[in-house]
There are 2 protein chains.
Amino acid sequence: MKLFFGQIFPEILIDSDEQQHITKVLRMREGEEIFVTDGHGNLAKGTLIFEGKKVTLNVSEIKENLPNFSPKLHIAIAPTKNIDRIEFFVEKAVEMGISEISFILTEKTERKNISIEKLRKQVISASKQSHRFHFPKVNDLTKFSDFMKNLDFENTFVAHCNENLERINLNTLREPQRDNAINQQPTTSNTITFLIGPEGDFSDKEIQLLAERGIKAVSLGNQRLRTETAGIFVAAWNYDKMF
Amino acid sequence: MKLFFGQIFPEILIDSDEQQHITKVLRMREGEEIFVTDGHGNLAKGTLIFEGKKVTLNVSEIKENLPNFSPKLHIAIAPTKNIDRIEFFVEKAVEMGISEISFILTEKTERKNISIEKLRKQVISASKQSHRFHFPKVNDLTKFSDFMKNLDFENTFVAHCNENLERINLNTLREPQRDNAINQQPTTSNTITFLIGPEGDFSDKEIQLLAERGIKAVSLGNQRLRTETAGIFVAAWNYDKMF
């Protein structure tokens, strides 16, 4: 399945970078079959038409509103010092079906800026690679205190490393409990959020603030996981429940 | 916990690279507390002593035969074209508690050689980072046909992408079934093995050979996962069951 990014409605337009990729890199030929998704659950199938430098689609089929993961997974993570580690987290989390990624600036976060545009491109690429028709959303880097303002506390969990505080074993958060948690607030969206701290973890003050808001802490096991490993692990854990 | 690699029995010897690291990179001082593990489940605690260029330990406590993961996870994976992706897989799998890694040369494996020594160093580093006292074993690159000769078929699973063949959902392979599978052969070691193919997947011939030996195929869900993502996902899946 050769999948490309573009617009489906009101009319099909293959993204201009993708047009270049089709002709210059992949050197595809007129008449070859491709698929185009808008990343919002819509998919078109057709064959390539070359009109001068423009690449268009001779559509044979359109599928609308393809199913998405439910509940959706949202991970809010502190960027790691080493940018490669964030990029790897993003790629793996997208492949494993994450729906939303936020970057949070906590007290001990050493990296103060990231290129969101580069990460968004990476999300499109990993989505295509893994045949996703709903592309995950990537939010700008936000201060922890600001991020806390818009949280659905009922369906949010924090993974911190403080062994002296009470933490739920992630395994006890199986489907029934999770579904219950989500169903308690029928007005909220069907999303489960995990907060993951930086290399130095959340500060005591931040952990206290999270506890005051009723956000439950989860343990990711006895091993000490790096920030991006914790993120990938939560994505895998959620994906494991989804299929 | 400052953890270093070394020998515990018959006497404690801090690894020579680690001695250098302690004095030259970390610039630690005499009297500071460190831990030393041999990667075989033994751990010593003590304070640093500097004798000329030699770094030794004033031992205060030794713990023997610390608990290990059970069952153990063994992943046999085809090396990816891009070496960074293998290295990332190794690091994440070690953090998540894998016990053995094999590299297999299948029909469609593009990369024909890897630096096992470099990966073994990485395993030590990731083991220390994640506070593991049992270091995973890394086996040399082996031809698929040779690897098949020494397999415990009962406790081996293959993750391939052929949707037309029968595959078990990984989720149905929960603890009871898994324990049953392992208990069927009480003489075999307590290890579960997963085979993961290269970018182009296992060949039809290889898949047939695996089926003839009774090795069950598992599906890792509906997304298309890259080779190293499949490996990390299996490691996370196993780790999730362990704690």
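Guide: Two strands pair if DSSP finds at least two bridges between them, a strand being a DSSP run of E with at least two residues and a helix a run of H or I with at least four, both numbered from the N terminus. The model is predicted, with local features needing pLDDT of at least 70 and side-chain atom pairs counting only at pLDDT 80 or more, whereas totals for chains, interfaces and linings use all residues. Residues are numbered from 1 along each chain as its sequence is written, while chains are lettered from A and ligands numbered from 1 in the order in which they are written.

Visitor: Which strands make up the open sheet of chain B, and in what order?

Guide: The sheet has seven strands in the order β8-β7-β6-β11-β9-β12-β10, with parallel pairing. At its edges stand β8 (137-143) and β10 (168-169) of chain B, each with a single partner strand, so one side of each has no neighbour in the sheet.

Visitor: How do you know that β9 and β12 of chain B pair?

Guide: Strand β9 (residues 156-159) and strand β12 (residues 216-219) of chain B are joined in the parallel sense over three bridges, and the rule asks for at least two, so they count as a pair. Within that pair, B:V158 stands opposite B:A217 of β12(B).

Visitor: Why are α2 and α7 of chain A called roughly parallel?

Guide: Their axes, which are lines fitted to C-alpha atoms over the stretch in contact, with angles from 0 to 180 degrees between N-to-C directions, come within 9 Å and cross at roughly 5° for α2 (residues 83-95) and α7 (residues 227-242) of chain A. Angles under 35 degrees count as roughly parallel, over 145 as roughly antiparallel, 65 to 115 as roughly perpendicular and the rest as oblique, and α2(A) is therefore roughly parallel to α7(A). Contact (C-beta atoms, placed from the backbone, within 7 Å) brings A:R85, A:I86, A:F88, A:F89, A:K92 and A:A93 of α2(A) to A:E228, A:G231, A:I232 and A:A235 of α7(A).

Visitor: What makes α7(A) and α7(B) roughly perpendicular to each other?

Guide: The two axes come within 9 Å and cross at roughly 80°, and α7(A) and α7(B) are therefore roughly perpendicular. Here A:I232, A:F233, A:A236, A:W237 and A:D240 meet B:I232, B:F233, B:A236, B:W237 and B:D240.

Visitor: Which element gives the most to the side of chain A that touches chain B?

Guide: In the whole interface, 26 residues of chain A are in contact with 26 residues of chain B. Both α2 and α7 of chain A supply at least two residues to that side of chain A, and α7(A) gives the most, with eight. By class, this side of chain A holds 10 nonpolar, 10 polar and six charged residues.

Visitor: How do you know that the two copies are related as by a two-fold rotation axis?

Guide: Chain A can be laid on chain B with an RMSD of 0.0 Å by a turn of 180° and a shift of 0.0 Å along the axis, the superposition being by least squares on the C-alpha atoms of residues with pLDDT of at least 70 in both. The copies are thus related as by a two-fold rotation axis. They also meet through the same surface, because 100% of the interface residues of chain A are interface residues in chain B too.

Conventions:
Contact = placed C-beta atoms within 7 Å. Nonpolar A, V, L, I, M, F, W, Y, C, P; charged D, E, K, R; others polar.
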